[in-house]
Amino acid sequence: MANPNHIAFILDGNGRWATKRGLPRNLGHAEGVKAVERTLNALCELKIPYASFFVFSTENWKRSKEEVDGLFNLAEEYFDKGLEFFNQNNIKVEVFGDLKPFPQKLQKIIKNVCESTAKNTGLNAGFCVNYGGKEDILQAINHLINKGEKNISAQQISANLYTKNFPDPDFVIRTSGEMRISNFMLWQMSYSELYFPKILWPDFNKKHLIKSLKVFSKRKRRFGGY
Ligand code: IPE
Ligand code: MG
């Protein structure tokens, strides 16, 4: 089977990567950012059209203030410095999730990256921040209700999700061996192939991506048929 059109990554294992080395969790997240950059480069080389990254969930607010603030600082730095990288690599960035609870400065930086890369024509990269699958479906339904729609169809929901400009992921990779969906793209994943490699996210590289593509190529997708 051909390569997937949209690979969705559930990044997991940053904390364990750091703890194993006696380092603070936020250093694991910093290494995780490097893995995102490596993966973006590899996805561009392999000409995968769409990729999304689950970087901050609606549940991640439960973590310590120190860790959450550390994640915000990393995100500020990454999206600020990353603009040049995105443009050099012709990457179009989109963000999925509710940005409102984030610090103003971070919101501005993220919006600027999305606007400044909107005309790029290479890889479409989606970052799921303050994202939850249930919240995504609910905001789509509420948007339709507020417009006065009744008897809402599946197509209408798909067309109003945060991810509306992306095709549904045909392949979902969750690193670190955890076999859970964790409120990720619940609607969009109804027919995705799932893969749970044991590698911790900060160690993920092009070799692992190629191995994952090989796994995907062997899957037989029947969509409920034969
Ligand atoms: C994933 O790594 C990164 C984020 C959710 C921000 P974790 O932080 O969940 O790492 P573990 O699961 O504690 O190892
Ligand atoms: Mg985790």
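A residue is termed buried when its relative accessible area is under 20%. By this criterion, in the predicted model, every residue of strand β5 (residues 171-174) is buried. The side chains of Phe171 and Ile173 point one way from β5, whereas those of Val172 and Arg174 point the other way. In a regular strand the side chains alternate between the two faces of the sheet.

Strand β5 is paired with both β1 and β6. Strand β1 (residues 6-10) runs parallel to β5 and is joined to it by 4 bridges. Within this pairing, isoleucine 7 has phenylalanine 171 of β5 as its bridge partner. Strand β6 (residues 193-195) likewise runs parallel to β5, the two being connected by 3 bridges. Here phenylalanine 171 stands opposite glutamate 193 of β6.

Helix α3 (residues 65-88) packs against helix α4 (residues 104-116) at an angle of about 20°, and their axes lie 9 Å apart. Because angles under 35 degrees count as roughly parallel, α3 is described as roughly parallel to α4. The crossing of α3 past α4 is left-handed. On the α3 side, the contact is formed by Phe72, Ala75, Glu76, Phe79, Asp80, Leu83, Phe86 and Asn87. Helix α4 contributes Lys105, Leu106, Ile109, Ile110, Asn112, Val113 and Ser116. Classified by residue type, the contact between α3 and α4 comprises 9 nonpolar, 3 polar and 3 charged residues.

How values were computed
Residues are numbered from 1 along each chain as its sequence is written. Chains are lettered from A and ligands numbered from 1 in the order in which they are written. This is a predicted model: local features need pLDDT of at least 70, side-chain atom pairs count only at pLDDT 80 or more; totals for chains, interfaces and linings use all residues. Side-chain values use heavy atoms; hydrogens and water are left out. Axes are lines fitted to C-alpha atoms, for helices over the stretch in contact, and angles run from 0 to 180 degrees between N-to-C directions. Angles under 35 degrees count as roughly parallel, over 145 as roughly antiparallel, 65 to 115 as roughly perpendicular and the rest as oblique. A crossing is left-handed if the near helix is turned anticlockwise from the far one by less than a right angle, and right-handed if clockwise. Contact means heavy atoms within 4.5 Å. Ala, Val, Leu, Ile, Met, Phe, Trp, Tyr, Cys and Pro count as nonpolar, Asp, Glu, Lys and Arg as charged, and the others, Gly among them, as polar. Buried means under 20% relative accessible area, exposed over 50%, partly exposed in between (1.4 Å probe, protein chains only). Two strands pair if DSSP finds at least two bridges between them.
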